[in-house]
Amino acid sequence: MKDPSVKEEVSRVLQVLEALKQASHDLQSHPNPNSAAMNPLLQLETESDGILSDDPNLSALSHRLAELKSLVDDYNRRSPNRSSIRSFLARRVSTHSISKVAGSIESEIQAWIDRESVESLARSLKKEPPPEGHEEQEEEEELASLLGQFENRISQGFNRELQDLVLKARVFGSLGRILCDPGRSIRIRELCAYCITALIGFNKDVFAGFLMVSLIHALVSLGTWKSVRLLCSLIKLIRSPLVDEIEYSGEIPRIIRLLDCKDQETKVMAMDCVLEMGYFGRKEAIDAMLGEGLIEKLVELQRSELGGDLIGMERFDSDYGGGEGKKKKKRKEKGFLGRHPFASCVARFAVQLEVGEGLRQREKRALKPEILRRVKEGCVSDAEAATIVAEVLWGSSP
C-alpha cells in the first residue's frame with residue numbers, strides 16, 4: 001500500500017499533467033510559440049529537473065519538453081520582419097515541428113496517467129474491503145472514483161499500450177472477481193460490470209473470452225436495470241455466441257422472470273434484452289425462450305397499462321405516405337413506445353426473429369405458426385387474439 005503522502009504527491013502530479021496534456025492538445029491545433037498554451041509547457045521544462053527527475057517514467061517527457069524549448073528558441077530567432085521566402089518556409093517548418101512535438105508530449109503525458117491510473121485501480125481491486133464503518137465508506141468512494149475514471153478512459157477507444165497495462169495488471173480478472181462477489185455493494189459490482197463491458201468493446205478479440213459464464217450469471221443475479229442494460233450491450237457486442245452462452249448456462253428462465261419484476265425500469269430493460277436475444281439467438285435459445293412461456297408473458301404485458309398496440313395509433317395508415325410522413329410516423333411511434341414500452345411487444349419480438357441473424361430461413365418459417373398458437377392460447381378474448389395475430393402476420397412478414 002502506498003504511503004498517504006506518496007498518494008497525495010501522485011495526485012498532485014496527476015492534476016498538473018492533466019492541465020499540461022490539455023495545453024499540448026491545444027498547441028497541436030494552434031502551434032504558435034507565443035500562445036497561452038505554450039507558457040505552462042515551457043515553465044515545466046524549466047523546472048523539469050525538480051519535478052520530473054524523480055520518476056524514470058517521465059524521462060521521455062523531459063526530453064520532449066527540451067526539444068520543444070529548442071524549437072521555440074529557433075522560431076524566435078527568425079525575425080518575423082524578414083520577408084524572404086526562406087524565412088517564411090523556415091517558420092512554417094518550425095510551427096509544424098512544434099505541433100508534432102506537442103502531440104508527442106500529449107502522448108507521453110497520457111501514457112504516464114494511464115500507468116498510474118491502472119496501477120492504482122489494480123491495487124484497490126486487490127484490497128479486501130474493511131469492516132463496516134467510516135473507513136469502508138471512504139475506500140468504496142475511492143474505488144468507485146477509480147472505476148469511473150477507468151471506464152471513461154477505456155471508452156475513448158483502442159490503445160495498445162493501455163491494453164498491455166491492463167493485461168499486465170490483471171485488471172479484467174479482478175473486476176470479474178468483485179462483480180461475482182455478493183459480499184460487495186451493488187454499486188461497486190455494477191461499476192465493475194460497466195468496466196468489463198467497456199473492455200470488451202475496447203478489444204472484443206482479447207477480452208470477450210474471459211469469464212463469460214460467470215459474467216452472465218453475475219449480471220442476471222444482480223437483477224437491476226443497470227446490470228440488464230449491460231447484458232444487452234454485451235449481446236450487441238458479442239452477438240450469437242453470447243446468447244449461446246446464456247442458453248448453455250441456464251440463465252434464460254431467470255431473464256424471462258425479470259419481466260415480472262416490480263421495478264418498471266428493470267422490466268423494460270428485460271424486454272430490451274429479450275428483443276436482442278431474439279435477434280441474435282439460434283434455434284436452441286429461441287426454443288428455450290418459448291418453452292419458458294415468453295409469448296404468453298408478452299401477451300400479458302401487451303394487455304397491461306404500459307402495453308397497447310401500434311395498429312391502434314394508425315401505424316399502417318396511408319396518411320403517413322412520403323418521406324416527411326414516414327419521419328412523422330417514426331416520431332409518433334417512438335413517443336408512444338416511450339409511454340407504453342410493451343406496446344405490440346409480441347409483434348416486435350416476432351420481427352426480431354424474422355429479420356435477425358440467429359435463425360435459418362426454414363427455422364423462421366417454422367416458428368411463426370408456433371408463435372401464433374401461443375398467442376391464441378394466451379389471449380383472453382377473440383378480439384385481443386385477432387389484433388395481436390394481425391400485428392404478428394403484418395409486422396413480421398418479409
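Helix α17 (residues 294-303) is largely enclosed by the rest of the structure, because seven of its ten residues are buried. Buried here means under 20% relative accessible area, exposed means over 50%, and partly exposed lies in between, with a 1.4 Å probe and protein chains only. Helices (H or I, at least four residues) and strands (E, at least two) are DSSP runs, numbered from the N terminus. The model is a predicted one, in which local features need pLDDT of at least 70 and side-chain atom pairs count only at pLDDT 80 or more, while totals for chains, interfaces and linings use all residues. Residues are numbered from 1 along each chain as its sequence is written, and side-chain values use heavy atoms, with hydrogens and water left out.

The buried residues of α17 are L294, I295, K297, L298, V299, L301 and Q302. These residues pack against α14 (252-257), α15 (264-280), α16 (283-291), α19 (345-355), α20 (361-378) and α21 (382-395). Contact is defined as heavy atoms within 4.5 Å.

Apart from neighbours within four places in sequence, the residues in contact with E106 are K21, S24, H25 and Q28. With Q28, the side chain of E106 makes a polar contact, side chain to side chain, at 2.4 Å. A polar contact is a pair of N or O atoms within 3.5 Å; within protein, one must be able to donate a hydrogen and the other to accept it, and residues adjacent in sequence count only if both atoms are side-chain atoms. The C-alpha atoms of E106 and R64 are separated by 10.0 Å, the two residues being 42 residues apart along the chain.

Three aromatic pairs are found in a search of the whole structure. One of them is the stacked pair of F172 and F207, with 5.4 Å centre to centre and 25° between the planes. This pair links distant parts of the chain, as F172 lies in helix α8 (residues 171-179) and F207 in helix α10 (residues 204-207), 35 residues apart. F172 is buried at a relative accessible area of 5%, and F207 is buried at 1%. Y279 and F280 form an edge-to-face pair, with 4.8 Å centre to centre and 75° between the planes. Y279 is partly exposed at 24% relative accessibility, whereas F280 is buried at 6%. Rings of Phe, Tyr and Trp (its six-membered ring) pair if their centres lie within 6.5 Å; planes under 30 degrees apart count as stacked, over 60 as edge-to-face and the rest as tilted.
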